[in-house]
Amino acid sequence: MPDDATWPLIGAPIPRIEGRAKVTGQALFASDEPVANPAYAYLVTSTIARGRIRSFDLAAAEAVEGVLDILTHENVGHQADPPPPHGPGKETTTMQTDQVWHGGQIIGVVVAETYEAAREAGLKVRVDYKEEAPSATFGSKGAVTKQREPGEHKDFAKGDADAAFKASAFRVDERFGTPTQHHNPIELFTTTCVWHDGSLTVYEPSQFVYGLRGALAKQLHLDPKRIRVVARHVGGAFGSKGIPSARTAWIAIAARRLNRAVKFVATRGQGYTIATYRAETQHHIRLSADASGKLTSLFHEGWELTSRPSDYNTSGTETTARMYACPNLQTRVNVVHADRNTPGFMRAPPDVPYMFPLEVAIDELAEQMRMDPIELRRINDTQVDPATGLRFSSRALMACFDQAAARFGWSGRDPTPGKMRDGDWLIGWGCAAAAYPANIGAGAARVTFGADGMASVQIAAHDIGTGSHTIIAQTAADRLGLQLAQITVQIGDSDLPPAGLAAGSSHASGICHAVDKACEDLRARIALAATTSNTGPFAGHNPATLSLHAGKLRGEDGTSEDARDAIKRVTGGALEAYAENIPKGLEADSVGKLYSGQMAISRGTSRKDVTAYAFGAQFAEVRVHARTREIRVPRVVGAFSAGRIINPRTAHSQLMGGMIWGISSALHEKTEIDPQAARYTNDNIAEYLIPVNADIRAVEVIIVPEQDAEVNPIGMKGIGEIGVVGMNAAISNAVYHATGKRVRSLPIRIDDLL
Amino acid sequence: MDITLTVNGREHRLAVDVRTTLLDTLRERLGLTGSKKGCDQGQCGACTVLMDGVRVLACFILAVAAQDAKITTIEGLAGEDEPLHPMQQAFLDHDAYQCGYCTPGQIMSAIACVTEGHAGTDDEIREYMSGNLCRCAAYPKIVAAVSQAAGEMKATQAAPELEHA
């Protein structure tokens, strides 16, 4: 049995328990799942962005040897509804009708004996379109702007921001922009469908297997119990695999028509239009302060692009209105409809595009006032949510700034732009704040503890690289007093008890609390049996005081016995507990919602008692070549306070990866759109720029310890998003410091600095 | 077309479409799904395998063109109960991955990076590992892992597992 040296497991830097599977190629991602005798599918997608399909000419495609079936709206359109909308308004259709909503829309599926035949036939499908002129983006003819109605997201109006702005001595009044971005996980969008006796198994990378199951049940008019979704390992997601996409139902129908397994792997380019993306945004910020540096007003208006029928938006003003004490606040969000696929959530969905303008504007205001930007933030720091008047459950923003500034060496900064130089390289130092709501999902878990001292945990959680396997094992091992090797973890399967959507920094806390609750149920049963037994060392003890630790059931007075003997008092087999966890702020039917495939997330922004956020501070050094204007990032430092960290090792990787995403957001990523054709022109992973190894130098992560008893019982805040927030602004501020050029539209490229 | 492929020391005889890539052959015909498809157009490096010890992109090689080579995939580095290759162990030691999808390609590329003599400094490793994208962005830890394994691989001379490659 284990020794005490391994405890406590919660908070220990445990290597990923699935690590060996990942480095030996044994980890099964969805398209790796073996299925018998599959046929292969290839998608036909629209080459126009707006119009209707008059007709198909399938003769050449059907003549390709090995082609088994071709699906279009003409033969299967009535067999599947579109996925449920993931925001207000409606979803675009695909093969339901002849309508084309956007470039790259799914309009056909070719199935063949081999991938090569399916692809050849897919490329030979001829389509006659009735084409209309499409609107591509902001400012395009025919794009329609409308103010976002309050719903999931609210606007804030406090005091008189307009009057206060006009009356203030120091003012920033600027417009900003952020680009379209695509998640581009390295794992492509894949779907394998297998039918057996009227039941469907779907192997698909997913951030929400129950959500996909529920959507498919609605789309295909099937009992959800007849559908199983499996995603044991997910090869990156970043939001792209959280929303059910249209492809899955069509692949399921293709498999049903052939009565044969069908495998589908999208091309990299198709991934840009058959799933979601981060919409381009525009911003108008007005920020003012009095002579002491106290903010007097904040006005933040945002514009977000969306598809024609959907009002999807992220409304990051929910965070910007909460960052700093400010008596006069006004926020507004607009959606702009164009002929594009519907956007969705991408890592820190609201806060990457919305914190960028705020944190640049703060830097501009500080510069105007000749004040250090950290001091300006300190003057306006607050423990009370300025938007609602609720307390923050905890807020260590300035501790993050202080620790990161010290490590970075901020005190050595000459504030005058262009003054720091190393030969031909101009050096710039910049900083920005990070924030992300502390969300938590509902969830359920089943834990089995055998009389042999082994335990297993079952929960339909998702490991998208976040470390879910490992923190589940840590939580269970810690609570049951076992070693990690004594725990088996099963996740990523809708036949297991439901966990929520792995997104919005809500998953780790959601699943750990569900596992914790099931373990507590087991402990209580073991303890009750021990204390109510007439024999044995615990007769007469209070069961609440007994704990499982290091393979033993232990009392506060030091009494102990082997945990296996304690279990045997109840059963010679195994004890099993199923527990549901409904976090504060959620309705009693939240786990029921998960079973039916709906989201159930308690948001740090919508609680009645407190506002709950994680905070951080980002620092960046940039070097801009004086002649070529090439921009490099030799080092970044980020400090984050996010409550209790279950595994500092995997947390470090999450935060470091997030910070690199921030560098990417500032300097690399942008999906280019042809303004006439309304189609993406760099829809591959070479021309859509993301950092390669040589782009990244020193990345230093500081985890600022934080105890928060109010956020949730374990005290966890999510860390999946906060690492990316604010880094784009820190780099833009650093570029200004190096060059004196303020770039308010991302990404920052060489030509912005010429 | 009938072909013979030598993968991880085993000969496989099979009939393939001449258009079939080595990657699709490994994954769909031989059940070797450790090599990953991330772009199918030579941009991401997730499908990297060794051909006669040289790193290649399996999505860029037709199966028919791979017949004369000894191919090593991630599955060929360490059997189920065998000790890991030093590079695999180094990736574990440094948490040099998150989702793990690009990892087999990173590891195969990293082994070649060392045997090519391109792992002398961190800068060199960064440069010569830049053909393998990691969207989780584990890059600094990948550099640390390659650096660690380079020392160990040097100490044990050539990795014995690669002799059949």
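## A loop residue in chain A

L586(A) lies in the loop that connects β26 (574–581) to α16 (590–595) of chain A. The model is a predicted one. Is L586(A) buried or partly exposed? L586(A) has 19 other C-beta atoms within 10 Å, and a residue counts as buried at 20 or more, so L586(A) is classed as partly exposed.

Leaving aside residues up to four places away in sequence, L586(A) touches A442(A), A600(A) and S602(A). One of these, S602(A), is 16 residues from L586(A) along the chain, and the two C-alpha atoms are separated by 5.7 Å.

## Strands β3 and β5 of chain A

Strand β3 of chain A covers residues 67–72 and is mostly covered, with 5 of its 6 residues buried. Its antiparallel partner here is strand β5 (residues 106–112) of chain A, and 5 bridges join the two.

## The side of chain A that touches chain B

The contact between the chains involves 46 residues of chain A and 47 residues of chain B. On the side of chain A, the elements that give two or more residues are α1 (19–23), α4 (115–124) and α17 (648–667). Which of them gives the largest share? That is α17(A), with 7 residues.

By class, the residues on this side of chain A are 23 nonpolar, 15 polar and 8 charged.

## The sheet of chain B

Chain B contains an open sheet of 5 strands in the order β2-β1-β5-β3-β4, and its pairing is mixed. The edges are formed by β2 (10–15) and β4 (54–57) of chain B, each of which pairs on one side only. From one strand to the next, the twist averages 40°. Helix α3 (residues 103–115) of chain B packs on the sheet, where it touches β3 (48–51) and β4 of chain B. The direction of α3(B) makes about 40° with that of β3(B).

Both kinds of pairing can be followed from strand β1 (residues 2–7) of chain B. With β2(B), the pairing of β1(B) is antiparallel and runs over 6 bridges. With strand β5 (residues 70–72) of chain B, the pairing is parallel and has 2 bridges. T6(B) takes part in both: its bridge partner in β2(B) is E11(B), and in β5(B) it is K70(B). V7(B) stands opposite I71(B) of β5(B). The hairpin of β1(B) and β2(B) has 2 residues between the strands, and N8(B) in this hairpin takes a positive phi near 50°.

## Two packed helices in chain B

A pair of packed helices is described by the angle between the axes and by the distance between them. For helix α2 (residues 86–94) and helix α5 (residues 139–155) of chain B, the angle is about 140° and the axes are 8 Å apart. Angles over 145 degrees would count as roughly antiparallel, so α2(B) and α5(B) are oblique to each other. Their crossing is right-handed.

The contact is made from α2(B) by P86(B), M87(B), A90(B), F91(B), D93(B) and H94(B). From α5(B), it is made by K141(B), A144(B), A145(B), Q148(B), A149(B), E152(B) and M153(B). How many residues of each class does the contact of α2(B) with α5(B) have? There are 8 nonpolar, 2 polar and 3 charged residues.

Key:
Residues are numbered from 1 along each chain as its sequence is written. Chains are lettered from A and ligands numbered from 1 in the order in which they are written. This is a predicted model: local features need pLDDT of at least 70, side-chain atom pairs count only at pLDDT 80 or more; totals for chains, interfaces and linings use all residues. Two residues are in contact if their C-beta atoms, placed from the backbone, lie within 7 Å. Helices (H or I, at least four residues) and strands (E, at least two) are DSSP runs, numbered from the N terminus. Ala, Val, Leu, Ile, Met, Phe, Trp, Tyr, Cys and Pro count as nonpolar, Asp, Glu, Lys and Arg as charged, and the others, Gly among them, as polar. A residue is buried if 20 or more other C-beta atoms lie within 10 Å of its own, exposed if 12 or fewer, and partly exposed in between; C-beta atoms are placed from the backbone. Two strands pair if DSSP finds at least two bridges between them. Axes are lines fitted to C-alpha atoms, for helices over the stretch in contact, and angles run from 0 to 180 degrees between N-to-C directions. Angles under 35 degrees count as roughly parallel, over 145 as roughly antiparallel, 65 to 115 as roughly perpendicular and the rest as oblique. A crossing is left-handed if the near helix is turned anticlockwise from the far one by less than a right angle, and right-handed if clockwise.
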